Amino acid sequence: MTHHYAYYPGCSLLESAVEYDRSVRQVMDVLDAELTEIPDWTCCGASAVESVSRLLTYVLPARNLALVEQLMDVDDILVPCSACYLNLLRVVEDTRHDKKLLAQINEALSVEDLRYTGRAKPRHLLDILINDVGTGAIAARTERDMSGFSAAAYYGCQILRPYPVFDDPRQPRSMHLVLEALGVKPMAWDDEARCCGASLMVTKPEAALASVARILDSASQADAVVTVCPMCQINLEAYQSKAAGYGGPRETVSVVYLPQLMGLAFGCTEDELMLNKNMSLAPRFRAGMRQGWATQGSLEETVVEEA
Amino acid sequence: MRQMTKHQALTITPLPQDSELCELQAMLSRCMQCGTCTASCPNAQAMDLTPRQLWRLVQLGQLDRIFESRTFWMCSSCYTCWLRCPRDVEPTRAMAALKRLAGEHDRASRRKSAFYRAFAGNIRRYGRVQETALMSSYLTSLASPRRALEFTPIGMKMLGKGKLHPPSRAFAGRLELLFRKVDEMEERT
């Protein structure tokens, strides 16, 4: 069955996380889901605007929800970025009982002749994969043998906190289910929903680096950390050498977006998934992309030869 | 004598007439000082006051002591405390409210909110965030060559991956009308 979604990529996915955008589109296409980008969408305020203006925190994401309601014939919006997802969801959750807030939002939106009614529904990528597409369909599209691959499913913060819509925030399972459907082994670990530091990496790097070091260290036994957020991805992949000074592992830990790993399992090419954009892929991961992960023994030999 | 000192320590600073502060105090009046927020916070080690201590100061209205603290600037909005709070206080919301209040009412805090203001300015200017322009305007506002240099390695790495772009003007000014309206509405309250 073909599902149809409004698509809100968010600013990062047009900038430093373009590989996330590309791989989401690629994988959803393989899974027969149709995505239509919201016409004229603008920034949701990310995780920064709440620190400047309470009203903008609601008005910026609400503008995008109103565009969906007024211009599109679907209600469900696929949102791959955690911060965008939370911002859009916060409007839905907080206006449900606060009619004064809803009136304020609509007063602001009236300058653009827009109106938010509560019909549009932001959905995170994981929610759609688990509840609409289903693990059966994901398993059915898997072409490569991924049985030798172990992944550290990293959920991060904002997709299940503070609004746990589609999974248990204390013990999330949704990404584990997707990985198992691909034939990948999810590693057992404790830091799967621990904060990566988010924008503290810019404002207070010493605090964020300690968090990144801890997460990478506890994930370092896996073949890759798998993320569903551009902020988590960049914090975990780009600051590894700095994090080594805070107790992080000395060796490269591979970090990939979930749809990139799904695409590899579906037989998509590295170009289609823009894997050349990733900033930390270990030699072992690169060898696996070319030769497959089913036979670990021969893979290790190859890596040694390359070294 | 001892009582006198104690009394002095509890002197309550007159509060600016701010509806947001009143809302914040009303929410935090539910806090029973159990410390679950502090125990849950991934950034607690980097804070001078614990989150629990901060809520007590909000209850007491000691804004000057709050603004001196770095605690709320160390919140990374991970919502772990919110999830675990047994009294349905929404501590992450309170941290953001304190960042806003400090940015508005405390001169010394203006610089600490520079990143968030640069971010909002970037959205207002470009409609969609332009990361390279955001980072350059933030680092310029810090006026600290040392801090700017710290970002050189990551900048080079991103440049090598083709992740840095000159700002796109495709949506420039698209949100200006909405920002002006929000400014007007916020001045009214």
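In chain B, helix 4 (residues 51-60) packs against helix 7 (residues 91-105) at an angle of about 65°, and their axes are 12 Å apart. The crossing of these two helices of chain B is left-handed. Pro51(B), Leu54(B), Trp55(B) and Val58(B) of helix 4 meet Pro91(B), Ala94(B), Met95(B) and Leu98(B) of helix 7. The residues of this contact divide into 8 nonpolar, no polar and no charged.

This is a predicted model, where local features need pLDDT of at least 70, side-chain atom pairs count only at pLDDT 80 or more, and totals for chains, interfaces and linings use all residues. Residues are numbered from 1 along each chain as its sequence is written, chains are lettered from A and ligands numbered from 1 in the order in which they are written, and side-chain values use heavy atoms, with hydrogens and water left out.

Chain A holds an open sheet of 4 strands in the order 2-1-3-4, with parallel pairing. Strand 2 (33-37) and strand 4 (121-124) of chain A are at the edges with a single partner strand each, so one side of each has no neighbour in the sheet. From one strand to the next, the twist averages 40°. Strand 3 (residues 76-79) and strand 4 of chain A run parallel and are joined by 4 bridges; Asp76(A) stands opposite Lys121(A) of strand 4.

| Helix of chain A | Strands of chain A it lies across | Angle |
|---|---|---|
| Helix 1 (residues 18-30) | strand 1 (3-7), strand 2, strand 3 | about 140° to strand 2 |
| Helix 5 (residues 125-133) | strand 1, strand 3, strand 4 | about 90° to strand 4 |

On terms: contact means heavy atoms within 4.5 Å, strands pair if DSSP finds at least two bridges between them, and helices (H or I, at least four residues) and strands (E, at least two) are DSSP runs numbered from the N terminus. Axes are lines fitted to C-alpha atoms, for helices over the stretch in contact, with angles from 0 to 180 degrees between N-to-C directions. A crossing is left-handed if the near helix is turned anticlockwise from the far one by less than a right angle. Ala, Val, Leu, Ile, Met, Phe, Trp, Tyr, Cys and Pro count as nonpolar, Asp, Glu, Lys and Arg as charged, and the others, Gly among them, as polar.
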